[in-house]
Amino acid sequence: MDSKSAPIPKLLYGTAWKKNATTDLVFLALKAGYRGIDTGAIHLFYKEALVGVAVLNAMEQKIVKRSDLFIQTKYSPMDEHGPHTLAHSLIHRPSASLEEQVHSSVRSSLTRFSHWRFEPTYFDSLLLHSPLHTLPDTIKVWKMLETYVPHKIRQLGICNTPLEILDYLCTSPDITVRPAYVQNSFYPGTRWEVDLRAYCREKGIMFQTFWTLTGNRELELSTAVRKLADSTNVEPPVALYALVLGLGGTAVLDGTSNVTHMGDNLNGIETIEGYAQSEEGKAVWSECLEEFKKLIGEKG
């Protein structure tokens, strides 16, 4: 069996908070052209099983093949389930050991995607949803996740991580599988993760941004974003996504529930890429990108 991951697309369709609309929205996203899906095992945020149903439906209708898709899920430590999560909604027993929690979660996620006929069940990426309270526990969980690579999980990554934890995972001799992805929020409260993203670029790690639109209303109204949007005849959110991608080493989580926006976002990114490479657009793109970098304090 080929153990290579599909390449990560520029836009990943985010499935958090879609609740019972998950199947319909993920199917529509795949039909619109999204080829990356981000989900998770934690019931508080995701309906992972419904994502699996949507992908199966799209495959049965010949919209996609499994090999076309980049599918990413998450293992969420107990703290990520939140204080108000009912015990029966957990994948594992609240009192379960770390080892039981990890293996129960991964097995559950694989089962939810195991009904594809004649297709191997695997994830292109699995993210540790957050570091645990202690570094030893974080390492312990990471080492357990390593046992699934590369056949059931192609690559590992981590969410909501500080630079210190990421550096350990990238440099410690204890770690066999280095992180391929980091998924952190991109907004003023995290200073747009300037230092962390620079580290990721240095290490060849793809940085996945979330809260990209919701957390950046001021950026969306900025001159750089508006000028690029006007110059390419796209909506400002698309121009914002394009500039985030222009920072390099980034992918963007896009969780729109609007079918029209799905197509507009995908097509708009392509439009801006073409414009940025054209004789007409090169200067405008460079000007907007440089101004955008100044706004977020980008280094280098």
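**Close-up views of the predicted model**

**View 1. Tyrosine 122 touches Arg66, Ser67, Leu110, His151, Lys152 and Arg154, once its neighbours within four places in sequence are left aside.** Contact here means heavy atoms within 4.5 Å. You're looking at a predicted model, where local features need pLDDT of at least 70, side-chain atom pairs count only at pLDDT 80 or more, and totals for chains, interfaces and linings use all residues. Residues are numbered from 1 along each chain as its sequence is written, and side-chain values use heavy atoms, with hydrogens and water left out. Tyrosine 122 sits in the loop between α3 (98-112) and β4 (123-128). Those labels come from DSSP runs numbered from the N terminus: helices are H or I with at least four residues, strands are E with at least two. Is tyrosine 122 buried or exposed? Its relative accessibility is 8%, so tyrosine 122 counts as buried. The scale goes like this: buried is under 20% relative accessible area, exposed is over 50%, and partly exposed is in between (1.4 Å probe, protein chains only).

**View 2. Two arginines lie over the face of the tyrosine 122 ring.** Arginine 66 is at 4.0 Å from the ring centre, and arginine 154 is at 3.8 Å. For a charge to sit over a ring, NZ of Lys or CZ of Arg has to be within 6 Å of the ring centre and within 35 degrees of the ring normal.

View 3. Setting aside neighbours within four places in sequence, histidine 103 is in contact with Met144, Thr147 and Tyr148. Histidine 103 has 18% relative accessibility, so it's counted as buried.

**View 4. Tyrosine 13 and tyrosine 34 make an edge-to-face pair.** The structure has six aromatic pairs. In this one the ring centres are 5.5 Å apart, with 65° between the planes. Tyrosine 13 belongs to strand β1 (residues 11-14) and tyrosine 34 to the loop between α1 (22-32) and β2 (36-38), so their pairing ties together parts 21 residues apart in sequence. Rings of Phe, Tyr and Trp (its six-membered ring) pair if their centres lie within 6.5 Å; planes under 30 degrees apart are stacked, over 60 edge-to-face, and the rest tilted. Tyrosine 13 is buried at 0% relative accessibility, and tyrosine 34 is buried with a relative accessible area of 0%.

View 5. Phenylalanine 113 is in the loop between α3 and β4, while phenylalanine 123 is in strand β4, so parts ten residues apart in sequence get tied together. Phenylalanine 113 is buried at 0% relative accessibility, and phenylalanine 123 is buried at 1%.

**View 6. Tryptophan 285 sits in helix α11 (residues 282-296).** With a relative accessible area of 15%, tryptophan 285 is buried. Apart from neighbours within four places in sequence, its contacts are Leu228, Ala242, Leu243, Gly246, Ile272 and Ala276. Isoleucine 272 is 13 residues from tryptophan 285 in sequence and 8.5 Å away in space, C-alpha to C-alpha.
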